[in-house]
Amino acid sequence: MASRKTIKSAIESMMFVWGDPLDIREVAEIFNVDRNEIYDMCKELQAEYENEGRGIVIREVNKSFQFVTRAENLGYIERLCTPVKYRKLSQSALEVLALVAYKQPVTKGEIESVRGIRCDRVIEGLIKKKLIAEVGRSSTVGRPLLYGTTDEFLKQFGFETLKDLPDIEDIEGVMSEENGDTADPDSLMMQQISIELPEGN
């Protein structure tokens with residue numbers, strides 16, 4: 001078996017080349033090493049990059065790891081790169097995304113029963129942006145599709161797992177207040193979710 005130092009070095013190279021989050025299961029198979037040991041090595045690398053204050057940091061997404069730029073350097077990166085037009089998710093999209101995130105797996109009918117309006121186009125848009133996906137079918141009559149969030153959702157909002165979502169005891173109650181115009185529109189779900197995505201995504 002390769003040494004720990006060799007494996008960590010190889011993991012760095014693989015993360016750099018792969019681009020997308022690197023699944024520890026794939027790395028474990030390559031080296032024929034227990035995935036828990038690979039996970040520990042990735043966490044060690046993550047800590048090393050953080051402790052050194054590097055411009056590149058390692059982000060964890062559902063037991064996968066990825067190189068990303070340090071958030072504090074965003075302004076400098078924006079100056080370097082050609083400006084790109086951005087658009088925010090609409091309030092409707094944020095509401096549907098909130099319901100999927102907190103109630104998943106959830107059907108379109110369940111989402112619409114809370115919001116009180118049809119959500120076909122909003123759901124299609126979130127699927128196109130790869131923020132939600134079909135995750136199965138309900139056992140209820142008609143076996144409607146079930147929806148859940150994706151790893152892309154975790155990446156875009158800076159969460160490692162769904163356990164990192166802000167606590168909301170009654171998402172339906174929050175939605176009811178929103179629809180009744182009795183609450184601040186920014187109080188829905190994750191107050192920081194004003195996601196910006198490149199045009200065309």
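This is a predicted model: local features need pLDDT of at least 70, side-chain atom pairs count only at pLDDT 80 or more; totals for chains, interfaces and linings use all residues.
Biologist: How many bridges join β6 to β7?

Modeller: There are 5 bridges between β6 and β7 (residues 145-149), and the two strands run antiparallel. As part of that picture, Ala-133 stands opposite Gly-148 in β7.

Biologist: What span should α5 have, and how far apart are its ends?

Modeller: Helix α5 covers residues 91-103, so with 13 residues at 1.5 Å a residue it should span 18 Å. The C-alpha atoms at its ends are 18 Å apart, which agrees.

Biologist: Which residues of α5 are buried?

Modeller: The buried ones are Ala-93, Leu-94, Glu-95, Val-96, Leu-97, Ala-98, Leu-99, Val-100 and Ala-101.

Biologist: Switching topic: how many salt bridges are there in the whole structure?

Modeller: A search finds 13. One of them joins Glu-37 to Arg-4, with the closest N and O atoms 3.8 Å apart.

Biologist: Which parts does that pair tie together?

Modeller: Glu-37 lies in helix α3 (residues 35-51) and Arg-4 in helix α1 (residues 4-18), so the pair ties together parts 33 residues apart in sequence.

Biologist: Which residues are in a network with those two?

Modeller: Arg-4 and Glu-37 are linked with Lys-8, Glu-44 and Glu-48 in a network of salt bridges.

Biologist: How accessible are Glu-37 and Arg-4?

Modeller: Glu-37 has 28% relative accessibility, so it counts as partly exposed. Arg-4 is partly exposed too, at 34%.

Biologist: What does Lys-108 form a salt bridge with?

Modeller: Its partner is Asp-120, and the closest N and O atoms are 3.5 Å apart. Lys-108 sits in helix α6 (residues 108-115) and Asp-120 in helix α7 (residues 120-128), so to speak linking distant parts of the chain, 12 residues apart.

Biologist: What about Asp-120 and Arg-118?

Modeller: Asp-120 forms a salt bridge with Arg-118 as well, with the closest N and O atoms 3.0 Å apart.

Biologist: Is Arg-118 buried or exposed?

Modeller: At 62% relative accessibility, Arg-118 counts as exposed, whereas Asp-120 is partly exposed at 26%.

Definitions and conventions:
Residues are numbered from 1 along each chain as its sequence is written. Side-chain values use heavy atoms; hydrogens and water are left out. Helices (H or I, at least four residues) and strands (E, at least two) are DSSP runs, numbered from the N terminus. The expected span of a helix is 1.5 Å times one less than its number of residues. Buried means under 20% relative accessible area, exposed over 50%, partly exposed in between (1.4 Å probe, protein chains only). Two strands pair if DSSP finds at least two bridges between them. A salt bridge is a side-chain nitrogen of Lys or Arg within 4 Å of a carboxyl oxygen of Asp or Glu.
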